[in-house]
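Thank you all for making the time this morning.

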Amino acid sequence: MTIQDLLPEHWPTVKAIYEAGLATGNASFQTHAPDWDDWNASHLAQCRMVALDGDRVIGWVALCMVSSRWVYAGVAEVSIYIDAKYRGQCVGKALLQALITESEAKGIWTLQAGIFPENIASLRLHEWAGFRQVGIREKIGKMGNRWRDTVLLERRSKSVGMD
């Protein structure tokens, strides 16, 4: 497995992995993946990576800013999705570790994630990477007719933003 920058030509497979995750009902409030232009505009241009098995994309990770306010310039939200055939094979760990390293190199001091409590694998992955549970956001959004909670997690860098 190798980790490299997510490029526009990866988008068809990245989108398919994203849509498969969305289909589980426990990955996001999103119900469908956007087109490349919308996805590209909503994610940071830096800190986008794919995991490759040979030349096959098997997972991806990217960041979104949590606010346009300058005081939160170093705070970003994590999206990570792994091809179902490769889950449990440390792909998520490799991507998340690479993301942490790259995000700190780019001056990001806090990573956060909002995860459905039912998504135990994602919660464990983030905890493994040093994220701590901040709290439960009760009934934060509706999925169809059902209110859903999310677990808010964050990872504060020990090396960036320490001045």
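Predicted model: local features only at pLDDT ≥ 70, side-chain atom pairs only at ≥ 80, totals over all residues.

Is E154 buried, partly exposed or exposed? E154 is partly exposed, with a relative accessible area of 24%, where buried means under 20%, exposed over 50% and partly exposed in between, using a 1.4 Å probe and protein chains only. Residues are numbered from 1 along each chain as its sequence is written, and side-chain values use heavy atoms, with hydrogens and water left out.

Let me stay with the charged pairs. The structure holds 6 salt bridges, a salt bridge being a side-chain nitrogen of Lys or Arg within 4 Å of a carboxyl oxygen of Asp or Glu. In one of them E154 meets R132, at 2.7 Å from N to O. Because R132 lies in strand 6 and E154 in strand 7, this pair ties together parts that are 22 residues apart in sequence; helices (H or I, at least four residues) and strands (E, at least two) are DSSP runs, numbered from the N terminus. R132 is partly exposed as well, with a relative accessible area of 46%.

A second salt bridge joins R155 to E104, with the closest N and O atoms 3.2 Å apart. Since R155 belongs to strand 7 and E104 to helix 3, the parts tied together here are 51 residues apart in sequence. R155, at 18% relative accessibility, counts as buried. R146 also forms a salt bridge, with E118, at 3.4 Å between the closest N and O atoms, and E118, R146 and R148 are linked in a network of salt bridges.

Now to strand 4, residues 75-82, which is mostly covered, with 7 of its 8 residues buried. On one side of the pairing list, strand 3 (residues 56-65) runs antiparallel to strand 4 and is joined to it by 7 bridges, two strands being paired if DSSP finds at least two bridges between them. Within that pairing, C64 stands opposite E77. Strand 5 (residues 110-115) pairs with strand 4 in the parallel sense over 3 bridges, and there V75 has T110 as its bridge partner.

What about the aromatic residues? The structure holds 8 aromatic pairs, counted when rings of Phe, Tyr and Trp (its six-membered ring) have their centres within 6.5 Å, with planes under 30 degrees apart called stacked, over 60 edge-to-face and the rest tilted. The rings of W60 and Y81 have centres 5.1 Å apart and planes at 15°, so this pair is stacked. It links distant parts of the chain, with W60 in strand 3 and Y81 in strand 4, 21 residues apart. W60 is buried at 0% relative accessibility, and Y81 is buried at 9%. Both belong to a cluster in which ring pairs link W11, Y18, W36, W39, W60 and Y81.

I will finish with the backbone. Most residues other than glycine have a negative phi. C47, however, has a positive phi of about 60° although it is not a glycine, and this residue is found in the loop between helix 2 and strand 2. K139 in strand 6 also has a positive phi, near 45°. C47 is buried, with a relative accessible area of 4%, whereas K139 counts as exposed at 55%.
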